[in-house]
Amino acid sequence: MLYHIRMDVNLPPDLDPEERADLLSREKEYSQELQREGKWPHLWRIAGEYANVSVVDLADHDELHSVLSGLPLFPYMNIEVTPLAVHPNKIDG
Ligand SMILES: O=C(O)C[C@H]1C=CC(=O)O1
């Protein structure tokens, strides 16, 4: 199943710099592993914002919840999910 996701990151300005660096490093490792597995085919920065739009390809809502709640930055993000269905006018290929 495909899901369109918007993630807005809100890190506290007073977050300890070492903790911030560790969080960002773990986030990168986590998201790049999902990209290598083909589960996170689109990851785009929203220009001018600390936010991204993504498309993930996961088995079901339970896997989606597991992936999102496992993000190291999960406690610091607002996440909006839009499930995607096939458009009837889409041509193949
Ligand atoms: O920087 C972000 O947009 C947050 C986050 C989502 C995936 C990732 O690698 O970082």
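Which residues are buried in helix 2 (residues 61-69)? The buried residues of helix 2 are L64, V67 and L68, where buried means under 20% relative accessible area, exposed over 50%, and partly exposed in between, with a 1.4 Å probe and protein chains only. These three residues lie on the same side of helix 2 because they cover an arc of only 95° around the axis, the arc being that of the directions from the helix axis to the C-beta atoms. D62 and H65, on the other side of helix 2, are exposed. Helices (H or I, at least four residues) and strands (E, at least two) are DSSP runs, numbered from the N terminus.

The model is predicted: local features need pLDDT of at least 70 and side-chain atom pairs count only at pLDDT 80 or more, whereas totals for chains, interfaces and linings use all residues. Residues are numbered from 1 along each chain as its sequence is written, and side-chain values use heavy atoms, with hydrogens and water left out.

The cover over the buried residues of helix 2 includes strand 1 (2-9), helix 1 (17-36), strand 3 (51-57) and strand 4 (77-84); contact here means heavy atoms within 4.5 Å. At the start of helix 2, the backbone nitrogen of D62 has a side-chain oxygen of D60 within 3.1 Å.

**Salt bridges**

Side chains of opposite charge can pair when their charged atoms come close. The structure contains 5 salt bridges, each defined as a side-chain nitrogen of Lys or Arg within 4 Å of a carboxyl oxygen of Asp or Glu. The table lists some of them.

| Pair | Closest N and O atoms |
|---|---|
| E49 and R6 | 2.5 Å |
| D22 and R26 | 3.0 Å |
| R36 and E33 | 3.4 Å |

The salt bridge between E49 and R6 links distant parts of the chain, 43 residues apart: E49 lies in the loop between strand 2 (42-45) and strand 3, and R6 in strand 1. E49 is partly exposed at 38% relative accessibility, and R6 is partly exposed at 25%.

D22 and R26 both belong to helix 1, where they are 4 residues apart, about one turn of the helix. D22 is partly exposed, with a relative accessible area of 39%, and R26 also counts as partly exposed, at 39%.

R36 and E33 are 3 residues apart in helix 1, so about one helical turn separates them. R36 is exposed at 61% relative accessible area, whereas E33 is partly exposed at 35%. Elsewhere, salt bridges that share partners join R6, D8 and E49 into one network.

Methods. Polar contact = N/O pair within 3.5 Å; in protein donor to acceptor, adjacent residues only side chain to side chain.
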